[in-house]
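Student: Please walk me through reading this model, one feature at a time.

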Amino acid sequence: ALSFWRKTTSQQLTARDVVKLSLGVVKQPDNLSLRSLSASGWLGDLLQRLQGEKPCPDLPSPLGLEGELRPYQSRGYAWLNFLSQIGFGACLADDMGLGKTIQCLALLQHRYEQGLRSPALLICPTSVIANWEKEATRFTPELPLMVHHGPARKKGNAFKKAAEKQALVITSYALLSRDGDLFRKVKWDGVILDEAQNIKNPLTQQAKAARSLKADYRIALTGTPVENNVGDLWSVMEFLNPGLLGNQAQFKRSFLFPIQVQHNQEAARTLKRMTGPFILRRLKTDRSIIKDLPDKIESKVFCPLTQEQASLYAAVIEEIEATLDTSDGIKRQGVILAALSKFKQVCNHPAQFLKDNSELAGRSGKLIRLTEMMEEILATGERALIFTQFAEMGRLLHRYLMETFGYPALFLHGGVAKKERDQMIDLFQSEDGPPFFILTIKAGGTGLNLTRANHVFHFDRWWNPAVENQATDRVYRIGQQKNVQVYKFVCRGTIEERIDEIIERKLELAENIVGSGESWLTKLTTAEFKQLMALREEAIGDW
């Protein structure tokens, strides 16, 4: 013991070393164990806050944040700021729908207002790039923002110069390894991984590329920090705080095998003590969180098209333009309504449009995003309704979800007899009912009570708010014990986004404008309709 202290007192410890000592991360000499560590002043405060004995200091919302943080979101934002200030990585692991995005944007806005003008790099699945761009524009409009994505993205010095002028650069996991050399040339203020379970396998190129980036702080956002086993946690923590849990072999020896195979509770407690200060997880079932939430949370999910979808979409435009100019009256209305149906089918999935019973995985931006969200819903043991106006799309979703996740799923459409329909409802409402219920909006949009679900997906849009709200009310009604989350899928840069914008702008008049389904669209001039259906560059994702 004397030898140990003589050696130790001759060294200077950094705050990080002291934190590691307090968490039991530093390997102690044989026969000596650290019983306690006391510190005073700012270091004492730091240790107390890391160990949850003292709350992080309150932090006023940034002046430039457009929107109000709920109390638990304010605490999350202050916690992210606290860890980023002292150079430790943070994993914000709130349940889906609790607002990880706005908490992260609040931190970026705060640092920008503090004069920290180096850019942050945000890496996310291709399927959520458009959502981040929309949310940043909405909540932090003054932050300079660049999306690095698509064939026209900047390369070489042009990228470095452009990135250094931003507060936030958004890119995808697909480009993280492909353009890794570009990213390593920029001095990042922070690196943020959204859906950080994408790096759970530490041997993948994107996990290695993420760890190679240099930044003053690192953040991981995920609703599922441990998906399959505690090994997932090592990869995320190695990105956030390199060396905290030792190398992979040490982690397997000390934690993975004892916890996973031997069910060693002491090893589990030690791992929790070591990682707890850097993981903030709040659940929707927490009573203190529930009282902060509205009963119903509605959000748009902006999805990019795949290359295949974009090609089919362009072919539909070409076909429609050829007939639109030579049509009038009833015939013209028919052409427009047929075009709307074709555009929706292409945006949903190529297999629905082509009617060829082909493979489904990886070909639709909407289906890719739905799959990612369903994984998180299954991880929390919750249930979902998925509405589509097409029976054919419902059949495809039914087949795909059962094959992908191995769980039974229900599908209600107009051809289902009343007796079978009643059995489906009873089964879904039962304690052990299936997690997914797919419904066509005409068959399931009214008259049902499905309060076992608390997630509602509008896979394709009816473009009539009243009809969509009626469908949502299958879940959001008397007897619902949970907060309901509603997701409206929209393909970015397509006719779907433009019609959604029109409805949003005129929502107070929505009943008058779109009260009769989609017939209001047939009254647009040919020029207006052509402008509406044009395909924009940002529609296509890099997958």
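Student: Where is the place of N357?
Tutor: N357 sits in the loop between α17 (350–354) and α18 (365–379). Helices (H or I, at least four residues) and strands (E, at least two) are DSSP runs, numbered from the N terminus. This is a predicted model: local features need pLDDT of at least 70, side-chain atom pairs count only at pLDDT 80 or more, and totals for chains, interfaces and linings use all residues. Residues are numbered from 1 along each chain as its sequence is written, and side-chain values use heavy atoms, with hydrogens and water left out.

Student: What is phi of N357 near?
Tutor: Phi of N357 is near 55°, a positive value in a residue other than glycine.

Student: Is N357 buried or exposed?
Tutor: Start with the cut-offs: buried means under 20% relative accessible area, exposed over 50%, partly exposed in between (1.4 Å probe, protein chains only). N357 has a relative accessible area of 61%, so it is exposed.

Student: And E195: buried or exposed?
Tutor: E195 is buried, with a relative accessible area of 9%. E195 lies in the loop between β5 and α10 (205–212). Its phi is positive too, near 50°, and E195 is not glycine.

Student: On to sheets. In what order do the seven strands form an open sheet?
Tutor: First the rule: two strands pair if DSSP finds at least two bridges between them. Here the order is β3-β4-β2-β5-β6-β1-β7, with parallel pairing. β3 (145–147) and β7 (279–280) stand at the edges; each has a single partner strand, so one side of each lacks a neighbour in the sheet.

Student: How many bridges join β3 to β4?
Tutor: Three bridges join β3 to strand β4 (residues 168–172), and the two run parallel. M146 stands opposite V169 in β4.

Student: Which strands does helix α7 touch?
Tutor: Contact means heavy atoms within 4.5 Å. Helix α7 (residues 156–164) packs on the sheet and touches β3, β4 and β5 (188–194). The direction of α7 makes about 145° with that of β3. Axes are lines fitted to C-alpha atoms, for helices over the stretch in contact, and angles run from 0 to 180 degrees between N-to-C directions.

Student: Which strands does α11 lie across?
Tutor: Helix α11 (residues 231–240) lies across β1 (90–92), β5, β6 (215–221) and β7, at about 155° to β6. W234 belongs to α11. W234 is buried, at a relative accessible area of 7%. Leaving out residues up to four places away in sequence, W234 touches P202, L245, G246, N247, Q248 and F251. The C-alpha atoms of W234 and K252, 18 residues apart along the chain, are separated by 9.2 Å.

Student: Which residues touch the most other members of the largest nonpolar core?
Tutor: In soluble globular proteins, nonpolar side chains tend to be buried together. A nonpolar core is a set of buried Ala, Val, Leu, Ile, Met, Phe, Trp, Tyr and Cys residues joined through side-chain atoms within 4.5 Å. The largest one here has 83 residues, and W132, F159, W188, L193 and F278 touch the most other members. Helix α5 (residues 100–113) gives the most to this core, with seven residues. A second, separate core of 28 residues includes M373, I386, L396 and F411.

Student: In what order do the six strands form an open sheet?
Tutor: The order is β8-β13-β12-β9-β11-β10, and the pairing is parallel. The twist averages 20° from one strand to the next. Strand β9 (residues 384–388) pairs with strand β11 (residues 436–440) in the parallel sense over five bridges. F387 stands opposite L439 in β11.

Student: At roughly what angle do α15 and α25 cross?
Tutor: Two packed helices are described by the angle between their axes and the distance between the axes. The axes of α15 (residues 307–324) and α25 (residues 526–533) cross at roughly 175° and come within 11 Å. These helices are therefore roughly antiparallel to each other. Angles under 35 degrees count as roughly parallel, over 145 as roughly antiparallel, 65 to 115 as roughly perpendicular and the rest as oblique. Y313, I317, I320, E321 and L324 of α15 meet T526, F529, K530 and M533 of α25. The contact residues divide into six nonpolar, one polar and two charged. Ala, Val, Leu, Ile, Met, Phe, Trp, Tyr, Cys and Pro count as nonpolar, Asp, Glu, Lys and Arg as charged, and the others, Gly among them, as polar.
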